[in-house]
Each structure stands twice: as structure tokens, then as C-alpha cells.
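Work through the exercises below with the sequence and the model at hand. Each task sentence is followed by a solution that goes step by step.

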Amino acid sequence: MALCAPPSNPNTLIVKYSIVSLLRNAFSHHEQWPLAWRSPPPKPEYDVVIIGGGGHGLATAYYLAKEHGITNVAVLEKGYLGGGNTGRNTTIVRSNYFLDANAHFYEHSLKLWENLSADLNFNVMFSPRGVLNLAHSHADLEAYSRRGNAMRVNGIDAELLGLDEVRRMVPLLDCSAEARYPVMGGLLQRRGGTARHDAVAWGYARGADSRGVDIIQQCEVTGFSRSGNRITGIDTSRGHIRAGKIGLAVAGHSGQVAALAGLRLPIESHVLQALVSEPVKPVLDTVVTSGAAHFYVSQSDKGELVLGGDLDMYNSYGQRSNLPPVEHAVQSLVALFPCFSRLRMLRTWGGVMDMSMDGSPIIGKSPIDNLYLNCGWCYGGFKATPASGWCFAHTIAQDRPHALNAAFTLDRYAQGRVLDERGAGPFAWAH
Amino acid sequence: MMLIHCPHCGARDVTEFTYGGAGAARPADPAAADDPQWADYVYMRDNPRGLHDELWQHSAGCRRWIAVRRNTLTHDVIATARPGELPPR
Ligand SMILES: Cc1cc2nc3c(=O)[nH]c(=O)nc-3n(C[C@H](O)[C@H](O)[C@H](O)COP(=O)(O)OP(=O)(O)OC[C@H]3O[C@@H](n4cnc5c(N)ncnc54)[C@H](O)[C@@H]3O)c2cc1C
Ligand SMILES: [Zn+2]
């Protein structure tokens, strides 16, 4: 979970993080590091206001400044940076999608991840340790070979593993014939992995701030003033702010904030939980997921096993955990890895997901002329963070989508162009 | 733990139920409804942070569909009834 941001210091100097600055600061016992970003009071007016200081909003501000030269920008966050889903997720990064639009978008994101620490001069600890989807049946194997082939046609790495290869790669997995979920093989994306969630928010915040973006925390958006089909200003808990263009990136609160602007969205909010075990020595060096068990696990750099499973399966804005899905996740863990049965669980938490009706995101224009939407991330928006900000910045700056997000429009639902990876139908909680 | 009071069986654990989503009304005259009306019914949601009227099936009990009024922030179950019979707010 994220830490609170340090108090404001108007005299922040941007320091390039390097071995030299590390050594220099060692002499002052690391007590003189400047703050990573300013915390200025809001100005009365900005060219662009981004609502939501999660990874997506901060990345959008960063790329607006870096790629499009738009720097009179504010990011408004009602709590603290990354205190939403960015600081609550299980940090899995991958681009193993079947549909072309998703595949190209998430692959662009993965390519940005691969160079993100260098680009931001901030270590986001991207760790391409591989993401392995287990196949438990012939049908699973068929589906994974189909998905893997689609990925390779799109130029994305994918390997179909047999049982022996899975066993060698994940020695603690129960691959025996008696296993509760017999393993028959798996689909591996070696370039996938994990990253440090807080660092992504902080790195983008620092990068945006150093280019002139105002990052304003403890600033809740409570309403909009309209003139014709435009929004002219934003009511916030820190006063009224005029804005030329507005980008909405509030994830699980999209329905609530869109309603302030009179919009309904094809989105439901649902709680998703995760939990971690007590830390242990390195035992699992890849991400293991099981579609059959609705479960996935990886090991954090601190040694904790990070477990995730299903949604609670009913509309919820409660950012907290409830026992039934926790029990399900632990049962799945022990079924797949009987050797973990005596591990104690350390903590559980929940985040509010913006579940879209086809499981794919919306990045694009809205029915209001100068309001842009970034929402519908379901459980997969952390890995999307770089490409989401990159495409959203392009869409806001140019007033039209980039080719990479052209399919992610709001009107695709009415037009029958839904992007439903699983073919699960219009049930937000089924994706 | 969330308890839902099934109008037929009494208070039961949430794990006995399957969620059916917001009980939006189908267009009254399906043949007359146009594409935007259908798209609205199938895809668009109010998604409130607060009171929400929804359908649940008591799938591990009497298997009947019931209407539930619930607070999506606190998870408090405010009222349950047969479908269409929730009291007005
Ligand atoms: C348990 C869990 C596990 C997950 N695991 C993964 C995973 O392994 N891989 C993956 O890719 N994704 C995962 N996700 C999904 C991922 O976390 C999200 O999709 C992603 O972080 C969304 O980023 P964001 O910046 O859009 O949203 P957020 O980080 O939620 O940011 C939105 C911000 O908007 C702010 N806000 C809301 N309302 C207002 C308002 N009125 N005014 C001002 N600010 C407001 C919020 O405070 C919040 O900080 C997981 C999510 C959860 C909860
Ligand atoms: Zn019943």
C-alpha cells in the first residue's frame, strides 16, 4: 500500500537520481534529499485538468507535457497519490491478449514498461519474471494455443509449455496425477512480470511535476459548471478551477464522477481483493495464474506471496475485503501448492474496480465537447498505466484518438463493436 | 459477513446467493424499441455509490429470484422482497 506524500516544500530542486547523487547524499546521511514533487495550491485556471491522481492520471499529465508540450496542467486527487487502485493492485504486467485492439494496446504498454525506469529516472522495479497461465484440461490447452498463436501473429512473445516444462519451471506446483487441479501445460509470456506499484505513481508524478504540472492532493471534485455542451469549470474541495479540457481518470469512481457531469457509463463498480502471506525466502520466481481456479500468485521482492482471485461479484464501492473471496483464494493456493498450507496470511485489502460491460477499457471522447474519458479498466489497469497515459494524452492534446486507442470508444457498445475477450456477454462482473 | 433475508427462506449467508445485477426494466414494447434504447438497457448503468436495487437468486436455497435494496458503500441490506415488490424509496 502507498505511503502518504511528504509535506509541501516550495523550494524543491529537481535532482537527477544517479550513483553520483546517491553518494553525495550519503555524506549528509540521506537527510537532504529534495522532495520528489511540489505541492502548490491550485491556480484559478488550467489548459488541462486531469481528475484522479492514480497511475493513469499522472501518466497522462507526464505524457501531455513530455510528448505534446502541454504543461499548464493540474492533476486533482481527492486523497493521496496512488491511494486508489494503483497502490492496491497485485502488479502483474503482461500483454497476452487475444483481440487485436487489446493486443496492440497492451503490447505498446509492455514496451513502455521495458524502458520506464530509465525514461522516468525512477526505479519502478519492473521485473520481467514471466507470466504463466496453467492449463488444466485439453480444452484449456486448445484455448491457450489459440491465444498464443494470435499473440505471435501480432508479434508478441508466447510459448505453449508441456507438463514437464511447467514442472521444471515451478517445482513447488502440484503436478501429480492426484492434484486437485491436474496440470497439463501452460501458456507462458516470458516478457511479462511485475513492477512496484507505488513507484509508478511517484515516478510519473515526479516526471510530470518537473515539467511544470501542478499535482494537487486532498482535492476532491464535487461538481462541474456547464455552458452549452462544454464544461467551463470544476468545483472542488479546494475551490473552483476553470479548465480548457478535462480528463477523467478516476477508475472505480468513474460512475460517480461522470454522474456529476450528467453522464451514464457502461460501467459498474465492484470490489476486488488481494492478500499477502508472511514473507518467506525466495520460492516462486514467476507469476502463476489458473483460470480454472480463478486464482493467481506471485512472490513480492519482500518475500510475501501475493494472492488474488475473484471479484466479490456484487456492485460495491467498499474499499475493503470480505471473507468469502479470501477463503476462495487461500483454498486455491493450497490446492495448487500444498506446500504453502502452513503459511499465515498477513493482510488483506480491497479496491473498487471500474468493470466495463465488455471487459475492455474506454479511452476517448465523451458526449461533452471538452470532457475525455479514461475508465473501464477492470482488474487489468495497472499493466495498462504507461500506454493508457500515453494514448489519453494524445487523445486530449489532438482531440482525437491515437490508432492504438481508436477501438476503445464509448459508442462502441451502442454500435455493437464490443471488445469482449472472454465472450462473457454484457455482465460487468463476468469479465 | 453479509446476510440476505430471503423472503421465502429467511436470513441466509451471501454465499448461498448468485448476483443478478441491477434489475433494470426491459423496454416495455420490445418490437418498438430502437437501437439506442436497447443499448441503454443492455449496457448503461446508474452505478450509484449508495442505495442500489438489484436482483439476486437464492441459488443454494429455494432457487427463486428476489429483489434486494442494498447500500453499495456499506453493504447494508436495507430491504428484500419478491421481484418488483420492493417498497418505494
Ligand atoms: C486487488 C487488486 C488487484 C489488481 N491486480 C492487478 C494486476 O495484477 N495487474 C493489473 O494490470 N491491474 C490490476 N488491478 C487493476 C489496477 O489496479 C487498476 O486498473 C489501475 O490501478 C487503475 O489505475 P487508475 O490510475 O485508473 O486508478 P486509481 O489508482 O484508482 O486512481 C484513481 C484516483 O482517482 C481518485 N478520485 C476518485 N474520485 C475522485 C474525485 N471525485 N476527485 C478527485 N479524485 C478522485 C481516487 O482517489 C484515485 O486515487 C488490480 C486492482 C485491485 C484492486
Ligand atoms: Zn430462498
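Predicted model: local features only at pLDDT ≥ 70, side-chain atom pairs only at ≥ 80, totals over all residues.

**Exercise 1: the second largest pocket**

Describe the volume and the lining of the second largest pocket.

Step 1. The second largest pocket holds about 470 Å³ of space. On a 1 Å grid over the protein atoms alone, a pocket is an open set of points with protein on both sides within 12 Å along at least five of seven lines, a cavity is a set of points where a 1.4 Å probe fits but cannot get out, and lining residues have an atom within 4 Å of a point. Grid points are joined across faces, edges and corners, and a volume is the space filled by probe spheres set on the points.

Step 2. Residues are numbered from 1 along each chain as its sequence is written, chains are lettered from A in the order in which they are written, and side-chain values use heavy atoms, with hydrogens and water left out.

Step 3. Of the 21 lining residues, A:Thr91, A:His197, A:Ser300, A:Lys302 and A:Glu304 lie nearest the centre of the second largest pocket. Helix H7 (197-210), strand E14 (295-299) and strand E16 (345-356) of chain A each supply at least two residues of this lining; helices (H or I, at least four residues) and strands (E, at least two) are DSSP runs, numbered from the N terminus.

**Exercise 2: the interface of chain B and chain A**

How many salt bridges does the rule find across the interface of chain B and chain A?

Step 1. Chain B gives 24 residues to the contact (heavy atoms within 4.5 Å) and chain A gives 26 residues.

Step 2. Across this interface the rule finds three salt bridges, and B:Arg45 forms a salt bridge with A:Glu268, where the closest N and O atoms are 3.2 Å apart. Over all chains, the count comes to 26 salt bridges.

Terms used:
Salt bridge = Lys/Arg side-chain N within 4 Å of Asp/Glu carboxyl O.
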